Amino acid sequence: MTSTITPDTSAPVAISVEEQQFNDLIEADSRIEPRDWMPEGYRKSLVRQISQHAHSEIIGMQPESNWITRAPSLKRKAILMAKVQDEAGHGLYLYSAAQTLGATRDDMTDALIAGKARYSSIFNYPTPSWADMGSIGWLVDGAAICNQVPLCRASYGPYGRAMVRICKEESFHQRQGFEILLELMQGTEEQRQMAQDSVNRWYWPALMMFGPPDDDSPNSAQSMAWKIKRHSNDELRQRFVNMLVPQAAVLGVTLPDPDLHFNEETQQWDLGEIDWTEFHEVLAGRGPNNAQRLQRRRDAHDEGAWVREAAAAYAHKQSARTEEMAAK
């Protein structure tokens, strides 16, 4: 009789010293720095997330910059201009963080303008009224804060440190959006209707900003295991809704969810079903303004070519001058 020997697969898989050190740092809630060893999957996951975040900041300038020249007062114009400038700075911080992982600015930009890289789907919606500046601040920036504050503790050092300043500035953006809506809701009937209509259009897309449900989010589990993310998509979405309800009551606006109700058992607000078909359509490039947003970014990139060329020529000249002086 011939016996079959089944190999023992229960023995632990040997890992390298570098990988063990990486795992120990993650377990200890410490920071991974650019010169530290890291798994290739960790690096790729960070490049994907950080570059998408940077792209979102840059594309996100467009819906609001559209209203700079049409803001209702000089004060509002100055605030909106400063806010758009902040978003450009956020993109710069994040691109710089991604570069510490070996990604190049040119490659990330090329991927964006070629339509190969993703950015937040929220910025593919139009802004037909001034009230949209309020809804973007209150809902979109509010969702961003809820999503991004935990990223200040991301395991990758440059990303977490960049997020500290970004979140501080986003908090001001959220407040100015709330103030715009509050002022409109204290105005004429037409202004109140404008504010409510804007909230109706931005509420559901803002909830989609947290990403698909946890059981349909392929990257979340590993990202949380590496402590890049700290909370799941659904958990963050629930936190956001819990914060929105009392704020909406102060504003006097109605959140456009007929199924929204308070759950006495969980002590949280249960929301209705999100239209994930719309989310995936916009993400696939078939949203209201996807083509327009990307074309505007391509045009801006082409129009700025002379600036990049001049900066490169100046840097080359300065480098040559430094070498010449060092040789003397």
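These questions and answers walk through a predicted model.

Visitor: How many disulfides does a search of the whole structure find?
Guide: Take Cys-152 and its closest cysteine sulfur, in Cys-167: the two sulfurs are 3.9 Å apart, too far for a bond. A disulfide needs sulfur atoms within 2.5 Å. The search of the whole structure finds zero.

Visitor: Is Cys-167 buried or exposed?
Guide: Buried means a relative accessible area under 20%. Cys-167 has 9%, so the residue is buried.

Visitor: And Cys-152, buried or exposed?
Guide: The cut-off for buried is under 20%. The relative accessible area of Cys-152 is 18%, so Cys-152 is buried.

Visitor: Which helix holds Val-199?
Guide: The helix in question runs over residues 189–208. Val-199 falls in that range, in helix 8.

Visitor: What is the relative accessible area of Val-199?
Guide: Val-199 touches Ser-135, Trp-138, Leu-139, Leu-181, Val-253, Thr-254, Leu-255 and Pro-256, leaving aside residues up to four places away in sequence. Val-199 is buried, with a relative accessible area of 0%.

Visitor: How far apart in space are Val-199 and Leu-139, C-alpha to C-alpha?
Guide: Leu-139 is among the residues that Val-199 touches. In sequence the two are 60 residues apart. In space, C-alpha to C-alpha, the separation is 8.1 Å.

Visitor: How far apart are the end C-alpha atoms of helix 8?
Guide: Helix 8 has 20 residues.

Visitor: Where does the kink in helix 8 lie?
Guide: The kink is about 30°. It comes shortly before the proline Pro-205, at Trp-202.

Visitor: What covers the buried residues of helix 8?
Guide: Those buried residues include Ala-195, Gln-196, Val-199 and Trp-202. Their cover includes helix 6, helix 7, helix 10 and helix 11.

Visitor: What arc do the buried residues of helix 5 cover around the axis?
Guide: In helix 5, Met-108, Thr-109, Leu-112 and Ile-113 are buried. They lie on the same side of helix 5, because their arc around the axis is only 125°. In general, an α-helix has 3.6 residues a turn, so residues three or four places apart point the same way. The arc asked for is 125°.

Visitor: Which residues are exposed on the other side of helix 5?
Guide: The buried residues of helix 5 pack against helix 2, helix 4 and helix 12. Exposed on the other side are Asp-106 and Asp-107.

Visitor: Which residue with a positive phi follows helix 5?
Guide: Helix 5 covers residues 105–113. The phi of the residue that follows is near 80°, and that residue is Gly-115.

Technical notes
Residues are numbered from 1 along each chain as its sequence is written. This is a predicted model: local features need pLDDT of at least 70, side-chain atom pairs count only at pLDDT 80 or more; totals for chains, interfaces and linings use all residues. Side-chain values use heavy atoms; hydrogens and water are left out. Buried means under 20% relative accessible area, exposed over 50%, partly exposed in between (1.4 Å probe, protein chains only). Helices (H or I, at least four residues) and strands (E, at least two) are DSSP runs, numbered from the N terminus. Contact means heavy atoms within 4.5 Å. The expected span of a helix is 1.5 Å times one less than its number of residues. The bend at a residue is the angle between axes fitted to the seven residues ending there and the seven starting there. The arc is that of the directions from the helix axis to the C-beta atoms.
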